[in-house]
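Here is a short report on one protein model. Please look over the sequence and the structure before reading on.

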Amino acid sequence: METKSKVLIIGGTGYLGKRLVRASLAQGHQTYVLNRPEIGVDIDKVQMLLGFKQQGAHLVSGSFNDYQSLVNAVKLVDVVICAISGVHIRSHQILLQLNLVDAIKEAGNVKRFLPSEFGTDPARMENAIEPGRVTFDDKMVVRKAIEEAKIPFTYISANCFAGYFLGGLCQPAIYVDEDDIAMYTIKAIDDPRTLNKTLYIRPPKNILSQKEVVQVWEKLIGKELKKSSISKDDFLASLKEQDYAQQVGLGHYYHVCYEGCLANFEIGKNGVEASELYPEIKYTTVEDYMKRYL
């Protein structure tokens with residue numbers, strides 16, 4: 001019987017992190033969750049951590065502000081997954097991972113590192129507009145540090161979180177249920193086919209234009225919606241009226257909506273596609289996801 005890797009999840013109480021913890025436990029991995037003192041008296045997060053512990057997870061004290069605690073935590077496991085926020089409407093902490101890269105390099109035992117990405121592939125966003133490009137630039141800084149340190153990696157390009165995008169019929173894209181993202185991610189950590197590659201999560205039934213998504217919703221509600229459109233130039237002009245965080249987020253929408261950055265390329269030899277590698281996973285389709293809103 002194949003021995004499953006021991007997994008450390010950092011950011012385990014966050015939007016995606018909690019799903020990664022659940023998926024790791026469900027797939028039988030010894031799962032460690034970094035317990036950061038910064039959580040303090042955030043009762044919801046404390047209770048979540050205790051819930052993970054009751055389900056069999058190990059809580060490990062550590063913080064990005066305490067380098068040695070990161071080294072100690074990393075030494076306990078085979079795989080490190082980081083899910084700290086890179087979304088400006090929450091917090092943008094991507095470069096904190098540079099401390100984690102140093103800790104992994106010093107520990108010397110980690111066989112796979114999955115940094116906090118889980119969205120658009122930053123390597124394909126060199127022409128992204130300001131100020132939203134900071135997200136992609138920072139992720140590439142972390143990638144450079146990982147590869148220079150010769151740390152084995154898997155990058156996860158999960159495209160659009162369904163909870164953010166499908167609920168508002170927002171854009172033509174590739175939509176992925178957050179629990180499915182977590183399931184595919186954990187599947188990948190012991191798979192030699194994903195080593196030092198980008199795992200693209202592109203469920204074929206979920207590659208839809210905005211018009212197609214609207215048609216799915218119209219079918220579900222039994223009504224035809226009134227539709228309007230906005231030109232690229234008008235959309236870009238409207239960004240100037242927003243605050244910084246909104247400009248970053250809407251800049252990403254521009255690349256998805258108007259440029260089609262998620263699906264306008266072939267994966268190539270440096271990447272693999274999740275639903276092809278793991279056909280046994282029954283992923284959530286757009287229609288099934290949208291039924292939740294009825």
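Rings of Phe, Tyr and Trp, the last by its six-membered ring, count as a pair if their centres lie within 6.5 Å. Planes under 30 degrees apart make a pair stacked, planes over 60 degrees apart make it edge-to-face, and the rest are tilted. The model discussed here is predicted.

## Aromatic pairs

Across the whole structure, a search finds seven aromatic pairs. One of them joins Phe153 and Tyr155: the ring centres are 4.2 Å apart and the planes meet at 15°, so this pair is stacked. Both Phe153 and Tyr155 are buried.

Tyr289 and Tyr293 also form an aromatic pair, and this one is tilted. The centres of the two rings lie 6.1 Å apart, with 40° between the planes. How do the two tyrosines stand in accessibility, buried or partly exposed? Tyr289 has 8% relative accessibility, so it counts as buried. Tyr293 has 39%, so Tyr293 counts as partly exposed.

Phe235, Tyr254 and Tyr258 are linked into it by ring pairs.

## An arginine over two rings

Which rings have Arg202 over their face? Tyr200 is one of them, with Arg202 at 5.8 Å from the ring centre. Phe265 is another, and here Arg202 lies at 4.5 Å from the ring centre.

## Strand pairing

Strands of a sheet pair through backbone hydrogen bonds, in either the parallel or the antiparallel sense.

Cys160 has Tyr175 in E10 as its bridge partner. Phe161 stands opposite Val176 in E10. E10 and E12 pair in the antiparallel sense, also over two bridges. There, Ile174 has Ile207 in E12 as its bridge partner.

Further pairings involve E11. Strand E8 (154-157) is joined to strand E11 (residues 197-200) by four bridges, and the two run parallel. Tyr155, from the stacked pair, has Thr198 in E11 as its bridge partner. E11 in turn pairs with strand E13 (residues 271-273) in the parallel sense over three bridges. Thr198 has Gly271 in E13 as its bridge partner.

The table sets out the pairings.

| Strands | Sense | Bridges |
|---|---|---|
| E10 and E12 | antiparallel | two bridges |
| E8 and E11 | parallel | four bridges |
| E11 and E13 | parallel | three bridges |

## Backbone points in the loops

The loop between strand E7 (112-114) and helix H5 (133-148) holds Pro131. A cis peptide bond joins Glu130 and Pro131, with omega about -5°.

Phe118 is placed in the loop between E7 and H5 too. Phe118 is not a glycine, yet has a positive phi of about 65°. Its relative accessible area is 4%, so Phe118 is buried.

Lys150 also has a positive phi, of about 60°, although it is not a glycine. Its place is the loop between H5 and strand E8. Is Lys150 buried or exposed? At 72% relative accessibility, Lys150 counts as exposed. The cut-offs behind these calls are under 20% for buried and over 50% for exposed.

## The cavity

How many cavities of 30 Å³ or more does the count give? The count comes to one. About 40 Å³ of space lies in the largest cavity.

Its lining consists of Gly11, Gly12, Thr13, Val33, Leu34, Arg36, Ile39 and Leu49. By class, the lining residues divide into four nonpolar, three polar and one charged.

Conventions: Residues are numbered from 1 along each chain as its sequence is written. This is a predicted model: local features need pLDDT of at least 70, side-chain atom pairs count only at pLDDT 80 or more; totals for chains, interfaces and linings use all residues. Side-chain values use heavy atoms; hydrogens and water are left out. On a 1 Å grid over the protein atoms alone, a cavity is a set of points where a 1.4 Å probe fits but cannot get out, and a pocket is an open set with protein on both sides within 12 Å along at least five of seven lines; lining residues have an atom within 4 Å of a point. Grid points are joined across faces, edges and corners, and a volume is the space filled by probe spheres set on the points. Ala, Val, Leu, Ile, Met, Phe, Trp, Tyr, Cys and Pro count as nonpolar, Asp, Glu, Lys and Arg as charged, and the others, Gly among them, as polar. Two strands pair if DSSP finds at least two bridges between them. Buried means under 20% relative accessible area, exposed over 50%, partly exposed in between (1.4 Å probe, protein chains only). A charge sits over a ring if NZ of Lys or CZ of Arg is within 6 Å of the ring centre and within 35 degrees of the ring normal.
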